[in-house]
Structures are given as C-alpha cells and as structure tokens.
Amino acid sequence: MASHGNGLAKIETQKMKEDKIICHDDSAVPVTAQTEDELHSLQKKKSGPNTPIKDIQSAFGIPTTEVERQKQQLQSISASLASLTRETGPKVVKGDPRVETPKLVQASQPKHTAAPNITDSALKFTHILYNLSPAELYEQAIQNEKGSFITSSGALATLSGAKTGRSPRDKRVVKDETTANELWWGKGSPNIEMDEQTFLINRERAVDYLCSLEKVFVNDQFLNWDPNNRIKVRIVSARAYHSLFMHNMCIRPTPEELENFGTPDFTIYNAGKFPCNRYTHYMTSSTSIDINLARREMVILGTQYAGEMKKGLFSLMHYLMPKRQILSLHSGCNMGKEGDVALFFGLSGTGKTTLSTDHNRYLIGDDEHCWSDHGVSNIEGGCYAKCIDLSREKEPDIWNAIKFGTVLENVVFEERTRQVDYADKSVTENTRAAYPIEYIPNAKIPCVGPHPKNVILLACDAFGVLPPVSKLNLAQTMYHFISGYTALVAGTEDGIKEPTATFSACFGAAFIMLHPTKYAAMLAEKMQKHGATGWLVNTGWSGGSYGSGGRIKLAYTRKIIDAIHSGELLEANYTKTEVFGLEIPTELEGVPSQILDPANTWPDKNAYKETLMKLGGLFRKNFEVFANYKIGADNNLTEEILAAGPNF
Ligand SMILES: Nc1ncnc2c1ncn2[C@@H]1O[C@H](COP(=O)(O)OP(=O)(O)OP(=O)(O)O)[C@@H](O)[C@H]1O
Ligand SMILES: O=C([O-])CC(=O)C(=O)O
Ligand SMILES: [Ca+2]
Ligand SMILES: [Mn+2]
C-alpha cells in the first residue's frame, strides 16, 4: 500500500466485474426524474374533479365538456363572490397560489372596455380552494393558521379564537313581507330582526373581506340524508379549520354528485374574525350572524366559532322542512338491531351525542334530524361531541373517533407529545370534536331509519329534583317538549359560566324559526300516529342540587336508556311523584332503587321539597306565555297539555 504524506494509506477502489461495480444496499431501480421539480411532480397523481386541471389549452385527453364543466363551476363560485355594488372583480382562480401558480383554471371575466372606474379589487386574484381533502386542509391549516397542530392521535387541534361558543344575541334574521308573517318574532323568540338593506351591508362587508384574502375555501355539500329533501349548501370561508369542520359536519358529495352540483340552494359567507361595523343599524356588538331566507344566504362576521355555521344551517332547516310537513328536531337518533328507533331530545350538554353513541346500536345521528312520513333522516354528515373530561373507558366510540381528519377545537395538549389533556379547561369548557359520522363504527349509512318507537327527553337538572327516569303520557311529553328545560352546562353559549335553569322551547329555541306550538303539534301528531312512547331522563344531579349533590353516573343513565330500548322499562311497576306527577319505576336492573325517586337521595327532606316547589314554580312561570296558544287541531290536547305541568 502506498503511503501518503499524512501517513494514511490511500483507499484504492478495486476493479470489479460488472454486477459488483457499485456497493450499495438499495435493490430498487433509481428514479427517472432529471430534476428535483420533476421528482416532486411524480409524487402527486391526478384525481377527481376536486383537483383543478392544470391548463385549459393543453388539457390533453380531457374532453371539452369537462373543461366547460370546470369553467361553469368556477363561474358559479365567481358569482357567489361577486360584489353587489361594484361592476368588476374579484377575479377568481382555482387552486393554491403557492402550489399551482403558473397554470390555473380561471373563470372567464367579463370584458371591460377601458373601464374608467377600475379598482384595485377588480385587478386582484382570489384563489379558490374548492372542496379540499382533509389532508390538504391539514396542510393549509398548519401552514397558515396559528394554533393548528396535529395531536398524538392524528386529529387537527385548532383554536376558534375569542369566541368558544355560539353568540345567540348577535343572531339576526331579515324581516320582510314574507317572514314577518311566517316566523316567530318578539318575546322568547330567537329571531331578532334586521332589514334587507342592513343584511346587504353586512354581506358586502363579508364578501369584500373574503375577496381581499389571497385565498378562500369553498365547500359544496349537502344537508339531509333523505334524498327527496336534500339541500345543497355552499360554504365560503377564510380558514382551513372552517372548511374541514364543514367537510366533517355536512354530507360529503361523491365526485359524481359534485360534478352535477349546479347552483347551491343556500350559501354561507363566513368572514370569521373580521368584525361587523357597530355603526351599522341593528348591530349591538362586533359579532353578527345574519340569515336572509329570501336570498338564501347567511353572513358571519366577528366570530370564528365554527358551530355558528352548523347551527345556522339547522335554523334554515327549521324553516324549510315544516313547509314540507317534515318535522325538524334538535335530537340525537339511533336504532337497535330490531330496527327500533329512539330520538334523544335535549339542550346542549344534556347527552344527545353521548347517549345516541351506543356500542350496541346503530347511530343515525347525534344532533339534528328530520321526521317525515317515511321515517327519520339525519340532516348532517358528522358529529360534534363535547370532549371535556372525555375518557376512553366511558366513551370509547367517541374517543376512537378522534383521529386523522377530526377537528379538535380549543383543547389543551402536552407541548411535545401532543397528547391531549381532556380535563384541561384553560381555553374553554366547551372543547369539541367534529368528526365524520362514519368514524363511529356502528354508524348507519345512509343515515335514515323507520319511525321512532321511543322519544327520550333529556334534561340535565341542576336542581337535582327530577327523577333519573319517568314515563310520560302524550300530554306530558308535549308539556316538557314545549318547556325544554335544562340547566345549561357552561360554555356552549358565550358568557354562561356555570349551570343555571333554562327553558328553551322544543329543546332548541335558539334554532327554531316558527312558533314552538307548530313543532309541538307536528310531534304530537307523529307520536300518536306511530305509537311512540315519551320518556323524561334526568342526566343531571341527584342527592342535592349543583354544588351539594352529584351528577348521575353515566353508567346508570346508560342502564336506564338500555331498559327503554329493550322495552323492559315499559313493563316495570310505577309510582307517581308529587308536584310534577311523573310516573317513576320502583325498580330497574343495574340501577340502585333508592336513586329512582329523588326524594330518597336528599339528606335534607325539607330542602328537597323546597327545591322541588321552586323548580315547579319556574316551570309554571315559563309556561304562562304558551297558555294562550292552541296546539294542533284538537282543543282537548291543548287543555291536557296545560294540565300536564306541575300541580301544587
Ligand atoms: N349521566 C350522564 N348522562 C349523559 N351525559 C353525562 C352524564 N354524566 C356526565 N355526562 C357528560 O355530559 C356531557 C353531555 O354532552 P353531549 O355532547 O352528549 O351533549 P349534547 O346533548 O350532544 O349537546 P350539544 O347539543 O351541545 O352537542 C358529556 O361530556 C358527558 O360525558
Ligand atoms: O351549537 C353548538 O355550539 C353546539 C350544539 O350542538 C348546541 O349548542 O346545541
Ligand atoms: Ca352533541
Ligand atoms: Mn346541538
């Protein structure tokens, strides 16, 4: 070996035979790409109509009809985003500017012959990210939206900003000649009026904001699994978080359905954090959620809480469906192996999602349904579960649904491992997971079912005086449905910090559009016709009020619900409670008998009686406004309902 100056031997490469020339452990054929760009372009395969075609002129092999269709689709989006006050702009282009810059599909713009009033906004391009996939939305969120992270289970953690719940006091509905007569206005109603002109001002504000952005997200999706009553919705939003949330919560079109989507029936303009102008008439804060039924549009300004979109669409359904003799319901819904369907009504936090998600039954949906002459259908394509104190043991199906694709709102996680701490309320109590319904293993797809057999009214009674379960007759069911009692659990509605007794007609006064008695009459008619049994289940306190007693164990509530489904509870022995006159079972397998009657659980009997009377009084007072309304065609029913309230 030849020695060099530094004393080390020079390594000589031996001449080898052809097959031994290169010494490597890589048996694969090397890439054929000549440049890095070329290599990266190999990575992505072209797919369905969601991917913009690169260049119309050289769209080799793509039929002109496809080019035409894409153009039409873009023109439709362009029309959605058009200013109502200016003649030009924005120019909309499909695709992410950073990824697709040189070759984009562009809507043909109207020709302007040396327009003297040309503006900068008319010269600007707005890039449209149309029905992106969850993976693409993850990338968009992580690149552009602070507070977006992948958790250890693969979910996308996001922050909803200053608002971590809905803002019902900032909701406005346009009052015009039609809606003035059709909708429920005034005391107790969720519909606070605004005029058409103000709506247009807010609409323009949202559209201008959205078009001023480099890119906006557009989702074209469906509501309602009943094919005869499907509604096409378009959601225009500023954040990937919003786009992924709605991707999960609305029904996802197949590529074929998307191709033939056409014009939407309803459009949401979600400007997120961009506020409304408080000098505008009717505006009382910098948040505004505006519904215009005639224009089939909704505008969101000054809140990024995604639940506003979900519940805004639910309000729309509460208007559209009753017109077709279909009852819209703020309820969960599941079905047993024998095809027995149960509805779970209840206000926020009472257990609709938790109790309709049941390993032994098929999940039809967790929150919003329709009941037509053909049975029930889910309005949505996903679930929106509370996740405060979520545990794998108590709620395994929800736990397992929190994986890739799921939006996790406002949760706290360990900095490095990204392990979520579901007990942490640092951001809010109202932490939420939004996931597609098929993430629940026993989801029933399509999400439809036969007529309900059981109608379960859930109340989270913070007073601790309502029994864990009572069997209701029809009049009692209607009384409690119209009352819509619960103790609102902190957080879902902005500004409410601890449980307080609330009454919310139809268990959803924030979303109904017509007078509560209209929905109640439809429910009574349907329950009677299909022989459904009503139940009142208290998922709240036992052994004392909030502060002294404790919340009824979820395991006991599940046993109660099981006994309702199986028919076992119908066969039980019953006694009647004082004041509310509720039929309560004396025994129920798996549940300690002494908790079935709340009178037995309170250490202080006088305190119990006092609290019971107090709640009875609150029910009475609340019902006064309904005393003058007739429910359905039958006068007897109205009287029976009035008599079904507390008696003392
Ligand atoms: N006995 C019980 N029954 C039902 N839920 C209980 C019970 N005890 C505690 N909980 C908890 O109460 C919460 C019920 O919330 P859930 O998400 O089911 O409400 P929801 O009715 O679906 O509300 P929303 O309409 O806001 O989605 C869950 O966090 C659940 O774990
Ligand atoms: O809308 C929300 O934020 C959550 C929800 O389901 C409800 O409040 O009923
Ligand atoms: Ca829910
Ligand atoms: Mn709800």
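Trainee: Of the 20 residues around ligand 1, which come nearest?

Mentor: Ground rules before that: this is a predicted model, where local features need pLDDT of at least 70, side-chain atom pairs count only at pLDDT 80 or more, and totals for chains, interfaces and linings use all residues. Residues are numbered from 1 along each chain as its sequence is written, chains are lettered from A and ligands numbered from 1 in the order in which they are written, and side-chain values use heavy atoms, with hydrogens and water left out. A residue is near a molecule if one of its heavy atoms lies within 4 Å of it. Those that come nearest to ligand 1 are Ser348, Gly349, Lys352, Thr354 and Arg432.

Trainee: Which element gives the largest share of the shell around ligand 1?

Mentor: Elements are DSSP runs numbered from the N terminus: helices are H or I with at least four residues, strands are E with at least two. Helix H11 (352-356), strand E19 (382-386) and helix H15 (554-566) are the ones giving two or more residues to the shell. The largest share, 3 residues, comes from H11.

Trainee: Why does ligand 1 lie between two domains, and which are they?

Mentor: Domain bounds come from an automatic or database domain assignment. Both domains give residues to the shell around ligand 1, so it lies between them. They are domain 1 (134-439) and domain 2 (453-644).

Trainee: Moving to the metals, how far apart are the manganese ion and the calcium ion?

Mentor: Donors are N, O and S atoms within 2.8 Å of the metal (3.2 Å for Na, K and Ca), and water is not among the atoms, so sites may look incomplete. The manganese ion (ligand 4) is coordinated by Lys311 (NZ), His330 (NE2), Asp367 (OD) and Asp367 (OD), at 2.3 to 2.7 Å. From the manganese ion to the calcium ion (ligand 3), the separation is 4.7 Å.

Trainee: In the open sheet of 4 strands, which strands stand at the edges?

Mentor: Strands pair if DSSP finds at least two bridges between them. The order is E13-E17-E18-E24, with antiparallel pairing. Each edge strand has a single partner, so one side of each is left without a neighbour in the sheet. Those edges are E13 (327-329) and E24 (448-449).

Trainee: And which residue in E24 is the bridge partner of Val376?

Mentor: E18 (residues 375-378) pairs with E24 in the antiparallel sense over 2 bridges. The partner of Val376 is Gly449.

Trainee: Is the peptide bond from Ile445 to Pro446 cis or trans?

Mentor: Most peptide bonds are trans. Pro446 is in the loop between strand E23 (432-436) and E24. With omega near -5 degrees, the bond from Ile445 to Pro446 is cis.
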